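Take a walk through this model, chain by chain and contact by contact. Keep the 3D view open as you read.

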Amino acid sequence: MIDLKNISVTFNHGTSTEVNALKEVSFSVKKGDFVVVIGANGSGKSTLLNVISGNIAPDHGEVSIDGIDVTKVIAHKRAQWVSRIFQDPMAGTAGELSVKDNLRLASLRSSSKGLKIGSDPDFQRSIQQELSELSLGLEDRLDTPVENLSGGQRQALTLLMAVSDASKLLLMDEPTAALDPKTSVRIMDLANSLSRKADLTTLLVTHNLRDAIEFGNIIILMEDGKLTRVHDKGKDGTPELSELLSWYSGIKISGT
Amino acid sequence: MYRKIFFIISLVFILFTTSCENRTSKENRTAPLVGFLDFVQDPTIELARKGFEDALRNNGFSEEDGTVEWIYTNAQGDIPTLNQACELLISRSPDLIATNVTLSTITTVRKTKDIPIFMIVSPRPDIAGLSKDTLSYPENLFGVYETLAYIDTAINMINDLMPDARTIGTIYNQSEPQSVDAFEVLSAACKKLNLNLVSKPVTNSSESQLVTQALLNEEVDVFFALPDNVIFASFETIEKNCSQANVPIFTSESGLVSRGALASYGADFYQWGYQCGEQASAFLLGENVTGPEEVIIRKRIFNPAVAEKFGIEPNELYQPIPD
Amino acid sequence: MEFYTTAIIQGLAFACMGLGIFLTLKIFKIPDITTDGTYTLGGAVTAVMLTNGMSPLLTLVVVIFCGAAGGIATGWIHTRLKINALLAGILVMTALYSVNLAIMGRPNIPLIDDKGFSNQNIYLVVVVLVFIAVFFVIWLLKTDFGIAMRSTGSNPVMAQANGVNIVYMKVFGIALANAMTAISGFLMVQYQGFADINMGIGIVISGLAAVIIGESLSRIMSYKNIAITILFVVVGSIVFRVVLAFSLDMGMNPNYLKLVTAIIVLLIVGLSNQKFNKHLILLK
């Protein structure tokens, strides 16, 4: 589903603050895979996601989604294949718009936003159905501006929006980083069930090693801009927490 | 919610009733009511108002003695406010409205066909677009206008006092209709007299220094100052530069002669206002006033100190300004 | 009463500009002050076309396109050249001064012989146009396109992630807003009887006041409905003009006109402040 070939990204090239965020990264993700990306801060995890979503253009290398070369495709056009969940629970929804309007926008992600008034009773009924399955009470608050909702509710809504229009790829960048433990569990369970149900290829960036154990079928480790380890749970089994930790401590500090 | 609506409606109601207080209807008036509509706040243009007031006073209409009542409004350079201020004057049913500068005149003419309008510092009505020709002026329009014919005479002044001058320099303001029209008359006059005209545009007084210097670099013999607010405001700068370059200034504004111009021929704002005031007084006294008339007092004035510097001796036609 | 009728008509004429500023400022969150330039542009084009005998309807269409063009220029400079929106607006506004002068050919064009809509008809035209503008904006914001517009202003990253071309949206928004401003110029030139090169100076304040007052008033009435908010922009524009008229009527020194107006507007905005609302509730 995703093919990355020799992707390199450098920020502030030529200046004193130059950073090589990604160095010749190549790897492939098959359709239906759930990949968990772990690594230290600054290892390039978020940059990797941004290259796939189109928000950052690689300095060289190729990105393909479902066999199509999308390296030159601009971010808003990649949205027809890619859904995103952000670290900031407020970032995935438009605060001033209502729950209904946010869901309406998401349902049009891959189509053009025309001049008809789309939020008709049929649409409303279908989203009420979906919202009630979240058991967050959102189905009664269709016209509430989402800025009045809690972080957890907004992130749940973002998840629902991510799967509402036929996208192929779900990118999640530390979706529970700003949420309390109980809500974090709910959101991850929801993300997992929704992505499995819609058969979405998923990439999850997380610092939570337990998520790496519990979810997904592939774990990859990013170190200092390079992809250093790919662990397929199908072949090598699910690692223990201590094993994952040892991957981290195997990180070499430059100079040694 | 209803409490709030009630509160607001009563506020509006109070505003309306208090504003309808001091309106003496026309019949109950002891003294005539005169409205004055000014467009900008400008010391030179203010002279016209002073002239108007003085003329009324000298004819027995003064506010201090209670023989006349004034309503004075100034639009502060804002056109929507001008419309509103004009409506204000009209709503008070004055005996006449004096309009100072062209925009005030145009606005008032559009808004009333009954109240007599006495215009000052405005061009001849057909030039201002108030009528198709010189025969069909609006019936309620009076006052004093200026044509630009005086500029021809002003140019002749240059021939008079400096027959060797060949090149005339000037700066003009593109955003003032008076300035642009005057500039065009100036161009035509220069062409007729075979004089070379060099010109540069300017938009505000801070540009004057640079533009004047650029102009002087082009070897002009004399500088002609057009009637324009930007030039009035920055005249000292213009004068200093011209003086350093040994270029005398001719103009159509007598007010500039005392500020350093060599000579002028043209209307004087104070006299302009005064002439209109005389007409208005005649009207208030019940005399017959026919319609707008052309400015009468145009003078030839020269500045003796400046004339001496340039070695020029004007003949008796020219009045020296008092020292 | 004619006195306050003037205020109401001018308020309505400026309401279009107010709606435009509402769109850029409140929906797109872009501070756009191209207004001074596009207002005069609308006026200049109107005067030139009407004095050359063209129909008012054709003039209106051309005016809309010209206003949109001005907005597109600002939008392009802001999105493509990555220049701050405020600066982009000032640049285009400054450039338009020369453009307008070139269009007019002279600094002032009077409309002789009541070209365009006559004095009586202009009242009707203003009301009809404002009506149409208000309903157009309300309808637009309800459509899918409108949702895309609103999301661009509310959360551009999210909008982009949902397939919205935010560059195109921003340019469109600024273009639409300036087209509406130009319509205000079209109306006012016919009301005041002339176009003047300086007519746009400081006019953006009238539009801003309309939006601010409208917002404050709708807060007092506790309305959150977007349709009502838009209607209140029109109300705000009228209130602003009425306040100005009232200041004049009070008969004080014209030099203090602007200060008094600012104070009264401040009072209206202060009224919508929460603390005061609490006092009002206590009155119940």
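This is a predicted model: local features need pLDDT of at least 70, side-chain atom pairs count only at pLDDT 80 or more; totals for chains, interfaces and linings use all residues.

V121(B) sits in strand β4 of chain B, which covers residues 117–123.

Chain B has 13 helices and 13 strands. Its C-alpha atoms fill a box of roughly 75 × 55 × 40 Å along the principal axes. Of its 323 residues, 46% count as buried. Sequence separation comes next. Take the contacts in chain B between residues at least 6 apart in sequence: 69% of them join residues at least 24 apart.

Now compare a loop in chain A. N12(A) lies between β1 (2–11) and β2 (19–29) of chain A. N12(A) also has a positive phi, near 55°, and is not glycine. Its surroundings hold 9 C-beta neighbours inside 10 Å, so N12(A) counts as exposed. The cut-off for that class is 12 or fewer.

Turn to the interior. In soluble globular proteins, nonpolar side chains tend to be buried together. Here the largest nonpolar core has 205 residues. Which residues have the most contacts inside it? They are V37(A), A98(B), L19(C) and I183(C). Helix α8 of chain C, residues 166–192, gives the largest share of this core, with 17 residues.

Look at A98(B) in detail. Neighbours within four places in sequence are left aside here. A98(B) is then in contact with V34(B), F36(B), F52(B), F118(B), I120(B), C276(B) and A280(B). A second core of 42 residues is separate, and includes F224(B), L256(B), Y265(B) and F302(B).

α1(C) has 26 residues and reaches 36 Å from its first C-alpha to its last. That is close to the 38 Å expected at 1.5 Å a residue. The helix α1(C) does bend, by about 35° at A15(C). Why is α1(C) described as largely enclosed by the rest of the structure? The reason is burial: 19 of its 26 residues are buried, so the rest of the structure largely encloses α1(C). Just after α1(C), K29(C) takes a positive phi of about 55°.

32 residues of chain C are in contact with 27 residues of chain B. On the chain C side, α1 (2–27), β1 (108–110), β2 (194–196), α10 (226–249) and α11 (257–271) each supply at least two residues. By class, this side of chain C divides into 19 nonpolar, seven polar and six charged residues.

One more interface involves chain C. How many residues of chain A are in contact with chain C? There are 25, and they meet 20 residues of chain C. On the chain A side, the elements that give two or more residues are α2 (75–78) and α3 (99–107). α3(A) gives the most, with four residues. This side of chain A has 10 nonpolar, eight polar and seven charged residues.

Notes. Residues are numbered from 1 along each chain as its sequence is written. Chains are lettered from A and ligands numbered from 1 in the order in which they are written. A residue is buried if 20 or more other C-beta atoms lie within 10 Å of its own, exposed if 12 or fewer, and partly exposed in between; C-beta atoms are placed from the backbone. Two residues are in contact if their C-beta atoms, placed from the backbone, lie within 7 Å. Ala, Val, Leu, Ile, Met, Phe, Trp, Tyr, Cys and Pro count as nonpolar, Asp, Glu, Lys and Arg as charged, and the others, Gly among them, as polar. A nonpolar core is a set of buried Ala, Val, Leu, Ile, Met, Phe, Trp, Tyr and Cys residues joined through C-beta atoms within 7 Å. The expected span of a helix is 1.5 Å times one less than its number of residues. The bend at a residue is the angle between axes fitted to the seven residues ending there and the seven starting there.
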